[in-house]
Amino acid sequence: MANTDITPPQASLPLSAHSRFVQRLHRRYDDLLGLLPDGPPTHATMAPTLAALLAKGHALGAALRILRQLVMARLIDLDCDQQADLQTITQGVTELAELTLDAACTAARAELDSRHGAPRDADGQPVQLWIIGMGKLGARELNVSSDIDLIYIYEQEGETAGQPDGRGKLSNHEYFIRAIKLIYQLIGETTEHGFVFRVDLMLRPHGNSGPAAISVAALEDYLQTHGREWERFAWLKSRIVAPLADIRSPNVQALRGAVLPFVFRRYLDYAVFDSLRSLHRQIREHAAKRSAGHPERANDVKLSRGGIREIEFIVQLLQVVRGGQFPELRCRATLEALPRLERASLMAPETAQALADAYIFLRKVEHRIQYLDDQQTHVLPTRDDDLLWMAQTLGYANECQFLHQLDAHRELVAQEFDKLLGGNEACKGGQCGGAKGAAASAPELDSVLPRLPEAVRERVLQWQRNPRYSYLSDAGTGRLVLLLQRTAQWLSQGLVSEIAAVRLADWMESLLRRESYLAMLQERPAVHEKLMHMLGAAKWPARYMLQHPGVIDELASDALMHERFNPQEFEADLERRRAALQSTAEDDDENLLNLLRRAQHAETFRTLARDVEQQITVEQVADDLSALADAVLRVTTRWCWSRLKSAHRAEPQFGIIGYGKLGGKELGYGSDLDIVFVFDDDDERAPEVYSAFVRKLISWLTVKTGEGDLFEIDTALRPNGNSGLLVTSFDSYANYQQQRGSNTAWTWEHQAMTRSRFVLGNPSLAARFDAVREAVITAPRDAASLRSEIATMRERVRSAHPVPAGLFDVKHSVGGMMDVEFVVQYLVLLHSACNPALRPNLGNITLLRRAESAGLLPAGMGEEAANAYRALRRVQHVARLNEAPTQVPDTALQIEQQTVRALWAAVLQTG
């Protein structure tokens, strides 16, 4: 039983007085407590306090230890008596660690430099030592009795300058090993004033068997060659904490370049699930051994079920899995990461808030446990008076209310942890849980093959001839077989189709070298099932997922089918990701190109998933894909201009005009973008600057990287077509379209103008474009001449797309979609001057209805033609999804064909 000769404080005393630690501090340091300025301890208040202690004659080591005691007394008062928030406490302890490490490092280096000279590289340049804070120190989350996990890294090998007479030279390695010993003496050794911090170096490369300090090159080699999965979670929270003067040194980039690729992989990395599961199991087993025979130790708020560590594991797992592709998830602090995970739709808002509340509560409990006796423990006390004191400092009337709230938080955390990292579970209703060890528990491939349909079995057998299959790790092979086993079960239950299973086999073979995707499907049975439905729905989705396998992670979102594309959120997410890359100096062209492509592919896939599940209409698909193209163009334009070396102003006086399907907001999957680039800038450098800008912009949109491309760009509709300038002044564009001067547009270009719109650019330029467009489409025209020119152009297009006898092409045949589009263009060009309702670019269906309302079509014909056009468009859309011809027997779609023929005859038949 713990010592009971210390009684609880009287009611008149502050709550903090119950702490045995506080009582000792007041007995020993009462005359010094006033040296620390009022308020939360910060670097700005602790530094003069340290100076005052040194001025009183204390040696540096003693002064640092006394400073720590003063800070602890202040933090306990702030927390227990003034109800300070968690960040105030953790920030105070963290800044204390930073200040003391900086002071110790500076003193150690000064002492060694006086004996051996400063360390130098081969060129005689100074070599820096970086103290890396890991864990809670790295994340600025230190608790009040925490040890500090450190790794010492120095810049390069070499030797010290030595004394002026040449004596005392050391290798840089030996110099820094000695520096580490001196630093430990100053902060880690226990003296009459205690210690500053317990120091733990076990996270360094090779652990306790490794050297205390290594060079950046040695670290990089270790991480690439020997780094283990669990170390990625440790390095996630790493940062340089001292010396303070070197934290922002440009040389730090070399260290960052070694660590970031190790922690965050290029592809979605679900393979880490098993690693974290294993680490967590080891921690649980260790905790169980510690509590054997000591049941009170089972109540550990950090390591027991539902404790702090499980919240940290949940957050870190999602960060490591996705952080390679989504840099905005890269942050160290748990409470900072939770809202980022929520914004990325990786965690429901209510879950993120509940975990944040639980984390804050558990950390406050942890602090109170440590306030009692300044012990590095996380186990609830067994004394009733201690539990009552903890409850009261947290605002509860008694310990029962406190323990009830503690249990509620821990149960929620445990449930969320099990949901994400649950172990091997039986398959129920086709929902097979992830396995704890795929390779260990998986059956052999030969045992699964007889359960597969012949077509699937034959396709799987072909894998064995693929060299990639033979190179699979044991874990990868195990995952592959377990996925086939689950697929076979679903096939037998009729949950998925055979064609979906064949396409799954195609998809999996192409990814045999990317085992993380196999791990994803193993860990996410729901994603596996949704993937099967997508693969079975149509051919084009299967091909898209082969080209961009990472998009399947979008299937994990429960909200996927209930949302629509949101351009504002899309652009904000991209800007956050770019800012995250900038913060780590990774925002080079290649990374930004890949960032854009991943985002565009993911949004395209979301629309595709809603489409094949028939959650949105063909028109809504086109709306969302067009809005996505607009957003991508806006972001790419901003980023390109900001990186254009010849840019001569902050914002470009520039515009993009969309034609065709982009202009009409009728984009489909894989549609190219018909674009005209214009500028409105009087600067004499403008033509050259905007020409370079447009070339860069087109390159960013079209170049193929490892993540694919964005769009194909067609600029043939610019003035003078392919022989014209790539970008032209707006005045030249307007003159060309409005028939001013000798160089003017053709009628077919005016037809194209009916479907044009201003996509992006300066608002004043948008208004000028709208005026030019209206002037063009409302210009007076001779009906007979216009009818003849449009009919001639229609026949020319039809002749370029011959259709075999007996077939009907839904787009190009007589009675097809092109006929409708040419009729609408004719009506707009001939009648919009007198009918303002025809001027807006609202799409063929709406304009047909407006033409009927204006009396330009017989009663009922506009509505019937609109319905026919919608039906033809749907047939075309389904055919393209299935990669099937858009030609059907000419006996099909008879009503639609007759309706369109009647429309053509009523409007454009010349008799």
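Trainee: How many cavities of 30 Å³ or more does a search of the whole structure find?
Mentor: This is a predicted model, in which local features need pLDDT of at least 70 and side-chain atom pairs count only at pLDDT 80 or more, while totals for chains, interfaces and linings use all residues. Residues are numbered from 1 along each chain as its sequence is written, and side-chain values use heavy atoms, with hydrogens and water left out. On a 1 Å grid over the protein atoms alone, a cavity is a set of points where a 1.4 Å probe fits but cannot get out, a pocket is an open set with protein on both sides within 12 Å along at least five of seven lines, and lining residues have an atom within 4 Å of a point; points are joined across faces, edges and corners, and a volume is the space filled by probe spheres set on them. At 30 Å³ or more, the search finds one cavity.

Trainee: Which helix gives the largest share of the lining of the largest cavity?
Mentor: The largest cavity has a volume of about 90 Å³, and its lining includes Gly664, Arg755, Val828 and Asn844. Two or more lining residues come from each of helix H34 (817-831) and helix H35 (844-853), where helices (H or I, at least four residues) and strands (E, at least two) are DSSP runs numbered from the N terminus. The largest share, four residues, comes from H34.

Trainee: How many charged residues does the lining of the largest cavity have?
Mentor: Ala, Val, Leu, Ile, Met, Phe, Trp, Tyr, Cys and Pro count as nonpolar, Asp, Glu, Lys and Arg as charged, and the others, Gly among them, as polar. By these classes, the lining holds three nonpolar and six polar residues, and the number of charged residues is three.

Trainee: Which helix supplies the largest share of the lining of the second largest pocket?
Mentor: About 1300 Å³ of space lies in this second largest pocket, and Asp149, Leu203, Ile283, Lys302 and Arg309 are those of its 36 lining residues that lie nearest its centre. The lining divides into 13 nonpolar, 12 polar and 11 charged residues. Among the elements that supply at least two residues each are strand S3 (148-154), helix H10 (272-291) and helix H13 (349-373). The largest share, seven residues, comes from H10.

Trainee: Which residues have the most contacts inside the largest nonpolar core?
Mentor: A nonpolar core is a set of buried Ala, Val, Leu, Ile, Met, Phe, Trp, Tyr and Cys residues joined through side-chain atoms within 4.5 Å, with buried meaning under 20% relative accessible area, exposed over 50% and partly exposed in between (1.4 Å probe, protein chains only). Trp235 touches, among others, Ile132, Leu219 and Phe262, not counting residues up to four places away in sequence, where contact means heavy atoms within 4.5 Å. A second, separate core of 51 residues includes Leu717 and Tyr826. The largest core has 225 residues, and those with the most contacts inside it are Leu101, Trp235, Trp507 and Phe654.

Trainee: What is the relative accessibility of Ser492?
Mentor: Ser492 lies in helix H20, which spans residues 474-493 and reaches 29 Å from its first C-alpha to its last, close to the 28 Å expected at 1.5 Å a residue; the expected span is 1.5 Å times one less than the number of residues. H20 is mostly covered, with 14 of its 20 residues buried. Ser492, however, counts as exposed because its relative accessibility is 62%.

Trainee: Is Asp374 buried or exposed?
Mentor: Most residues other than glycine have a negative phi, and most peptide bonds are trans. Phi of Asp374 is positive, near 55°, and the residue lies in the loop between H13 and helix H14 (384-393). With a relative accessible area of 11%, Asp374 is buried.

Trainee: Is Gln614 buried or exposed?
Mentor: Gln614 also has a positive phi, of about 60°, although it is not a glycine. Gln614 is found in the loop between helix H26 (589-612) and helix H27 (618-642). Because its relative accessible area is 70%, Gln614 is exposed.

Trainee: What is omega for the peptide bond from Ala242 to Pro243?
Mentor: Pro243 has its place in the loop between strand S7 (239-242) and helix H9 (252-263). The bond from Ala242 to Pro243 is cis, with omega near -5°.
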